[in-house]
Amino acid sequence: MSKTTMESDKLEMKSEEKTLIEPIEKPETGLKTVMRLENLTKKFGSFVAVDKINIEVHEGETIGLVGPNGAGKTTTIKMIAKLIRPTSGEILVLNKAGELQSLNGNDKDLVKFGFLIDQPFFYDMSANQILRYFARSQNYPKEKINARIDELLTLFKLIDWKHEKVRTFSKGMRQKMGIIQSILVDPQIIILDEPQTGLDPKARIEVRATLRELQRQGKTIFVASHMLHEISELCDKIALINNGRIIAFDTIENLEKNLKDKELNCQLLYPITPNNLEGTINRLNEKLVPYVNHDMEESTADHDHGVKYNLEKQSFKIYYDGKKESRGEILEIFMSELKSNNKIISFSQPKTSKLEQIYLEMIQMDEPREGGG
Amino acid sequence: MQILEKKEKFDYLYLAVLPVVTTYIFELKKQWKKFVIFSLIAVSFIILLSYLPYALIPDNPLPDTQADYFQSGLNFLIMIVIFGSCFFFSGIICYEYDKKTGYITFPIINKYKLVTGKFLGALTLLIGVIAAFYIALGVLGIYWYGGPINYRYYYSFGIAILYVLAVGSFVTVFSSFMQNVNMTIVSTIMILLIANMIIDSLVMLLYPEFEPIYSLNHASDLISYILVEDFPTKLEDRYEEVEFRNFTRRRWLTPTIVGGITVFLLYTTICLVVAAIIFKRRQL
């Protein structure tokens with residue numbers, strides 16, 4: 001029996017603090033691939049919503065698909081859910097025989113999936129009736145259904161609403177119902193699209209706690225969100241998607257490594273006048289050539305010269321090689337360049353969330369486009 | 001070994017049928033209120049049109065026979081079937097797309113099983129509604145004329161079930177491509193009540209001798225006409241010549257039994273195949 005399916009009845013989250021800050025001790029992730037997207041493409045007319053996406057998900061991993069609204073996250077997930085057909089490319093998913101199988105094959109051979117897509121909608125029935133229907137239709141053991149429903153409704157604090165019609169639920173409660181139905185039958189792979197949409201801060205913490213518990217059980221989780229900070233701490237890997245393309249797919253550490261230590265902010269006391277701006281930037285760029293981050297130069301035209309000035313914030317952003325000794329040299333260059341008519345009030349690495357910053361940087365690097373998916 | 005193979009086959013079948021059965025039961029629960037409302041309307045129709053006029057108006061004579069009484073009462077059934085079909089079947093496919101509920105059951109239930117369960121549930125409920133109609137009319141038939149019930153009344157019920165199947169399938173086709181339930185209800189009611197009547201009238205004018213064998217309206221005449229003891233076997237007995245402003249046209253009384261049943265089955269088959277094709281191609 002797979003390690004991911006054994007512990008369905010252990011989803012006990014009675015103590016909040018137990019799960020909110022504990023480090024995740026999940027089973028070791030193997031290298032067994034449970035899902036692979038190969039050159040997955042979806043076009044709506046001439047608009048390319050998803051453009052040749054390649055992602056490989058291993059057993060027990062938690063993958064975050066992160067991108068701004070309209071980046072192609074939901075379209076990707078809908079293709080995995082077979083709600084829309086890919087224009088080209090393929091989705092391979094683990095089957096019961098332990099092999100990867102095309103999603104176009106026989107559904108009944110596939111391992112169990114749980115889905116939460118967009119804002120979930122439910123039939124005009126009570127929570128209990130709806131969940132019973134989902135569980136029975138997916139062949140969940142009859143004798144365990146009641147206990148499982150009670151367990152999940154209690155976990156998400158909906159137990160008092162068990163026999164109330166879902167149409168009387170708030171948006172956040174419906175979102176919780178969506179998450180409950182996605183994990184109800186103890187699926188091996190859980191795919192969640194914006195699971196924290198519409199939830200209040202407390203409920204978001206509960207959702208994160210639930211995801212942590214599922215991670216502990218060794219579930220494979222694929223979660224899409226535009227709120228990077230909400231899921232970054234949960235994910236083993238992050239796939240940054242923008243304009244339908246994966247612009248980065250790696251562990252958080254590696255993503256951070258690429259950018260976090262290669263950026264400096266230099267805050268000035270007075271703004272640089274427009275007349276002096278071009279000359280100042282040119283002089284700085286000339287002097288900073290030995291220290292600039294050449295990786296960034298290759299990846300984006302915005303950062304050709306390693307220095308960028310923000311008029312509103314009165315600050316320079318410097319993309320450099322990340323070496324400690326360079327930092328001092330750069331500071332000296334700035335001080336000598338600006339000493340006559342300005343003052344440096346802060347010289348530091350970015351204070352905002354590292355990953356959030358990476359996300360924003362990468363999104364900015366990518367060309368803007370219209371439409372969404 | 002054989003026992004194991006049999007068990008495997010049974011498990012396979014069980015897993016294949018389970019989503020259909022659970023969806024069917026869920027659909028019954030989901031539309032239960034609609035069933036009660038339509039049943040009450042059907043019974044009220046019977047009381048209003050087949051009981052009160054004879055009970056309250058002394059000079060209003062009852063039809064000669066129990067069969068004639070049933071025949072007059074069954075005229076209202078068509079309306080109930082049309083409205084009932086539109087309300088019970090309209091959401092079968094388009095509701096899932098409008099509300100984007102399809103993801104819920106993937107991949108254990110495929111969408112065809114989901115829709116099959118819903119279709120069978122809606123069909124059962126509507127058959128229940130017309131059964132209530134037939135029972136109420138039957139009880140009144142015994143009340144006015146004494147028992148037993150004319151055996152042809154049961155034939156009529158069987159044909160009415162086929163009619164429900166055909167109209168339900170017709171509505172399902174619309175549900176497969178319409179955007180939402182309300183649009184499906186309005187458009188199918190318009191077509192079944194008005195458009196079909198206009199088409200039949202036009203055909204009658206253009207081809208006065210042509211029997212409208214394509215028409216669901218014409219086929220539905222069989223539901224009440226089957227009660228006629230000497231059901232017409234010859235073509236000339238199945239229509240009446242009607243004079244209207246120097247124009248003679250045929251008013252068709254009933255199709256043949258085989259003809260009527262064939263029309264219902266053809267409608268059902270064609271509509272369900274078309275709905276399945278559209279459904280297969282439809283994406284969220």
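Below, a few questions and answers walk through this predicted model.

Reader: What is the average pLDDT of chain A?

Author: Good place to start, as pLDDT is the predictor's confidence in each residue. In chain A, 81% of the residues score at least 70. The average over chain A is a pLDDT of 79.

Reader: Which residues of chain A have pLDDT under 50 and 33 contacts beyond four places in sequence?

Author: Two stretches of chain A stay under 50, and one of them is residues 296-304, with 11 such contacts in the model. Where pLDDT is low, the predicted coordinates should not be read in detail. The stretch with 33 contacts is residues 1-24.

Reader: Why is strand 3 of chain A largely enclosed by the rest of the structure?

Author: Let's look at its two faces. Thr62(A), Gly64(A) and Val66(A) are buried on one side, and Ile63(A) and Leu65(A) are buried on the other. Strand 3 is largely enclosed because the number of its five residues that are buried is five.

Reader: Which residue of strand 9 is the bridge partner of Val66(A)?

Author: Strand 3 pairs with strand 8 (residues 220-225) in the parallel sense over five bridges, and there Gly64(A) has Val223(A) as its partner. Strand 3 also pairs in the parallel sense with strand 9 (residues 237-242), over four bridges. In strand 9, the partner of Val66(A) is Leu240(A).

Reader: How many nonpolar residues are on the side of chain B that touches chain A?

Author: The contact takes 24 residues from chain A and 22 from chain B. On the chain B side, seven are polar and four are charged. The nonpolar residues there number 11.

Technical notes: Residues are numbered from 1 along each chain as its sequence is written. Chains are lettered from A and ligands numbered from 1 in the order in which they are written. This is a predicted model: local features need pLDDT of at least 70, side-chain atom pairs count only at pLDDT 80 or more; totals for chains, interfaces and linings use all residues. Two residues are in contact if their C-beta atoms, placed from the backbone, lie within 7 Å. Ala, Val, Leu, Ile, Met, Phe, Trp, Tyr, Cys and Pro count as nonpolar, Asp, Glu, Lys and Arg as charged, and the others, Gly among them, as polar. pLDDT is the predictor's confidence in each residue, from 0 to 100. A residue is buried if 20 or more other C-beta atoms lie within 10 Å of its own, exposed if 12 or fewer, and partly exposed in between; C-beta atoms are placed from the backbone. Helices (H or I, at least four residues) and strands (E, at least two) are DSSP runs, numbered from the N terminus. Two strands pair if DSSP finds at least two bridges between them.
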